Amino acid sequence: MNFPASRRSRRYLTPSYLAVALVSFFWGTTYPAIRVGVAHMPGLMLASVRQTLAGTLLILFYLLKGQALPRPSEMGKLLIMGFLLLGISNGLLSWAEQYLPSGLAAIMAATCPLAIVWFSIWFMPGSRFTAGLYLGMVLGLCGIVIIFSPEIFHTPTHGFLLGAGLILCSVISWAGGTIYAARHPLSLPLLYATGWQMLLGGMTLMPICVFTGQSIPLSRIPSEAWWAIGYLIVFGSMIGYVAYVYAISTLPPAQVSIYAYINPLVAVAIGVWWLKEPLTLRTILGAGVTLCGVYLVQKSFKPASSKSASPPPKAEIPGVRTHPEL
């Protein structure tokens, strides 16, 4: 039986929109889950254990299917991507949640497109910068100032500015890793490459954990932290990312990017409901201004044009990839 084109289209779009919904929800829940985990173990160590285990599972799945090991040149690129995207960036984000509520961490992490634009100025010559883009960047920064104004203009809460600084460094690392990944594409299957990035990123964190004192013996990790790690692996790194890959392969990136605006809302709502985190009018106002700015940046940014038949790499956060979280 031949169905009308519109009906066939709806059949394929329904699971795609469902995938976007899964990404929007589950990636938003990872922030409260991290907050639960860092209440019982150091944040850097949590990120290291999580990424190492998740990467190992993904790699084993592909190796059992007969996938070849990456070439040495590919392994070098994977190491840099893994270190910047899933080592330093995710590690610092997890560390920051020792000092910040999960909702505020999610809002700050959502400003990644602002950092991507700044990196693009130096590493993607020819990119177009419009009035809307500049306005979006100003709004994004103003939103952050609104949220953190008491700590900026008054005596800061213990560790509050440290947490904000860690997320700032996390965002910068994520932006740098994203631009590097756009300029050094790989021919490996996306999930397989991500598995290697997770494994290498998690492993590079291990000596840093020891050097900074952000580690405890595995035997001292309580069951609550293991449950949080398990949740992050299954729902953040596995289900969430597989749903993202499916969505980005079947829908325009602009439609998929809606998750970047829903994630902070989910994180704030769960943080208030489950973790009893405070929610003030200032936070709501600042979050609204920040997300409006991020929207303008993503809508206004024009990547460098290319005369070749193949499209140029986009300077929007791919994959994991509008915030340093999986």
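1. Of the contacts in the protein with a separation of 6 or more, 91% join residues 24 or more positions apart. Contact here means heavy atoms within 4.5 Å. This is a predicted model: local features need pLDDT of at least 70 and side-chain atom pairs count only at pLDDT 80 or more, while totals for chains, interfaces and linings use all residues. Residues are numbered from 1 along each chain as its sequence is written, and side-chain values use heavy atoms, with hydrogens and water left out.

2. Overall make-up. The protein has 12 helices and zero strands. Along the sequence the pattern reads α-α-α-α-α-α-α-α-α-α-α-α. Helices (H or I, at least four residues) and strands (E, at least two) are DSSP runs, numbered from the N terminus.

3. Burial and surface. Of the 326 residues, 52% are buried. Buried means under 20% relative accessible area, exposed means over 50%, and partly exposed is in between (1.4 Å probe, protein chains only). The accessible surface comes to about 15,200 Å². Carbon and sulfur atoms hold 72% of that surface. The areas come from the Shrake-Rupley method with a 1.4 Å probe; for residues, only the protein chains shown count as cover.

4. H2 against H3. Two packed helices are described by the angle between their axes and the distance between the axes. Helix H2 spans residues 43-64 and helix H3 residues 72-96. Their axes come within 7 Å and cross at roughly 135°. Axes are lines fitted to C-alpha atoms, for helices over the stretch in contact, and angles run from 0 to 180 degrees between N-to-C directions. H2 and H3 are therefore oblique to each other. The cut-offs are under 35 degrees for roughly parallel, over 145 for roughly antiparallel, 65 to 115 for roughly perpendicular, and oblique for the rest. The crossing of H2 and H3 is right-handed. A crossing is right-handed if the near helix is turned clockwise from the far one by less than a right angle, and left-handed if anticlockwise.

5. Who meets whom in that pair? On the H2 side are Gly43, Leu44, Leu46, Ala47, Arg50 and Gln51. They meet Leu86, Asn90, Gly91, Leu92, Ser94 and Trp95 in H3. By class, this contact has six nonpolar, five polar and one charged residues. Ala, Val, Leu, Ile, Met, Phe, Trp, Tyr, Cys and Pro count as nonpolar, Asp, Glu, Lys and Arg as charged, and the others, Gly among them, as polar.

6. H3 against H8. Helix H8 covers residues 190-212. The axes of H3 and H8 come within 7 Å and cross at roughly 60°. This crossing is right-handed. From H3, the residues in contact include Met75, Leu78, Phe83 and Gly91. From H8, they include Ala193, Trp196, Gly201 and Ile208. The contact has 14 nonpolar, seven polar and no charged residues.

7. H2 against H8. These axes also come within 7 Å, and they cross at roughly 150°. That makes H2 roughly antiparallel to H8. The crossing is left-handed. By class, the contact of H2 with H8 has 18 nonpolar, eight polar and no charged residues.

8. Leu78 in detail. Leu78 sits in helix H3. Its relative accessibility is 0%, so Leu78 counts as buried. Leaving out residues up to four places away in sequence, Leu78 touches Pro70, Leu186, Leu188, Ala193, Trp196, Gln197 and Leu200. Leu78 and Gly201 are 123 residues apart in sequence, yet 8.9 Å apart in space, C-alpha to C-alpha.

9. Two residues of H9. Helix H9 runs over residues 223-250 and holds Tyr244. Tyr244 has 6% relative accessibility, so it counts as buried. Ile248 is partly exposed, with a relative accessible area of 28%. Ile248 touches Pro253 and Val256, not counting residues up to four places away in sequence. Ile248 and Ala19 are 229 residues apart in sequence and 9.3 Å apart in space, C-alpha to C-alpha.

10. A backbone point to check by eye. Lys276 has a positive phi of about 60°, although it is not a glycine. Lys276 is found in the loop between helix H11 (259-273) and helix H12 (281-300). Is Lys276 buried or exposed? Lys276 is exposed, with a relative accessible area of 65%.
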